[in-house]
Amino acid sequence: MTVGQAQGNLVSKPQLHNLRFHLGCPLASVLDVKYDVAVLLHCIYYFPSASILSQTLKDLHPQVDTLCIAEYALQTSLPAQQPHLLAVLAEQALEALKPMGESQSNVQTVLSPRAIIALATACGWNLVHEKLVTPADGLQDGSWEVGTVYNKGWMDEVDAVLDKVGDETGRHRAHLSAMQDATIAAVDRLGSEGADRAKGMARVRTMDVWCAVLKRKLEA
């Protein structure tokens, strides 16, 4: 799939001669022609809102025949994946309190496979195939997200956000603190019931991945 104009020496290798690259959102510049396939690969969590994802799905619909999606499934097959699931939900809970456009987080909009399918269906796509994949042990995304929430400094960010948006009852802080505690407990459990926190963090695994193929609905 052509994705934009090449930059620097990215096209110096023969195998890249059919690829062009854009920094930033490429839809406006590349959707003037039709494509066989569009791929949303572990990018949905970066979307600032579900409505922006929905608009993207609508923009792709008239120009693309097949849509392939891979995103974290919010499911776990192994106990070592549970800290990643908890950490992602904790990050989402914090990001949801921030005004639109102010987030720099990798996790901004967490959507389950069921929610993504519902959005896609409403935008004219039919699900034709889906499966779950358990990532290999070496994939580090889980450790990165867990490390963010596990860190004691995460609650400093929570307090900074709540100072801006307000939390008179303290319910938001209690909720976020509880989610951090649950993440920490899940990590410590992996390290011999908390006896070795470093070992627990080293054993964290990335949660399962949901992969789906969708086809554009034919006009009646």
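Among contacts in the chain between residues at least 6 apart in sequence, what percentage join residues at least 24 apart? In this predicted model, local features need pLDDT of at least 70 and side-chain atom pairs count only at pLDDT 80 or more, whereas totals for chains, interfaces and linings use all residues. Residues are numbered from 1 along each chain as its sequence is written, and side-chain values use heavy atoms, with hydrogens and water left out. The share asked for is 78%, a contact being defined by heavy atoms within 4.5 Å.

The chain contains 8 helices and 4 strands, taken as DSSP runs (H or I, at least four residues, for helices; E, at least two, for strands) and numbered from the N terminus, and their order from that terminus is α-β-α-β-α-α-β-α-α-α-α-β. Of the 220 residues, 39% are buried, where buried denotes under 20% relative accessible area, exposed over 50%, and partly exposed the range in between (1.4 Å probe, protein chains only).

Q92 is located in helix 3 (residues 82–95) and counts as buried because its relative accessibility is 18%. Residues up to four places away in sequence being left aside, Q92 touches V107, Q108, T109 and V110; a polar atom of the Q92 side chain lies 3.1 Å from the backbone oxygen of Q108.

L41, by contrast, belongs to strand 1 (residues 35–41) and is exposed, because its relative accessible area is 58%.

Key:
Polar contact = N/O pair within 3.5 Å; in protein donor to acceptor, adjacent residues only side chain to side chain.
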